[in-house]
Amino acid sequence: TGRMGQSIRRALESGDWPGLEYTVGTGHGDDPEILFSADLVIDFTTPQATRIHADLAAKHSKPVIIGTTGLDAANHDALRDAARSCPLLYS
């Protein structure tokens, strides 16, 4: 629901991507596992949620694109670990 998430959603709703389906992420209290039934997860959340999402991407061998800011050294280590088991792009 942040600026980047809203921008991505507008682009997906524009109709410029025929055949592409998407789902808006989970809310607080939802099980993040449901995100990983998708072909790809794009994550612009919080550092805590990003770490969980990276672990789940590795568990499910699903590609994940991460644009979350404010990650500390432990989060970066977790992303490197996850990238051993799934395609992961962090920028």
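Why does Ile42 count as partly exposed? Ile42 has 42% relative accessibility, and therefore counts as partly exposed (between buried, under 20% relative accessible area, and exposed, over 50%; 1.4 Å probe, protein chains only). The model is predicted: local features need pLDDT of at least 70, side-chain atom pairs count only at pLDDT 80 or more, and totals for chains, interfaces and linings use all residues. Residues are numbered from 1 along each chain as its sequence is written, and side-chain values use heavy atoms, without hydrogens and water.

**View 1. The open sheet.** Three parallel strands are arranged in the order E1-E2-E3 (strands are DSSP runs E of at least two residues, helices runs H or I of at least four, numbered from the N terminus; two strands pair if DSSP finds at least two bridges between them). E1 and E3 (88–90) each have a single partner strand, so one side of each lacks a neighbour in the sheet. Ile42 belongs to E1 (residues 41–43).

**View 2. Pairing of E2 and E3.** E2 (residues 64–66) pairs with E3 in the parallel sense over 3 bridges. Val64 is placed opposite Leu88 of E3. Helix H2 (residues 47–60) packs on the sheet and touches E1, E2 and E3 (contact: heavy atoms within 4.5 Å).

**View 3. Ser61 in the loop between H2 and E2.** Ser61 occupies the loop that lies between H2 and E2. The phi of Ser61 is near 50 degrees, a positive value in a residue other than glycine. Most residues other than glycine have a negative phi. With 47% relative accessibility, Ser61 counts as partly exposed.

Methods:
Axes fitted to C-alpha atoms, helices over the stretch in contact; angles between N-to-C directions.
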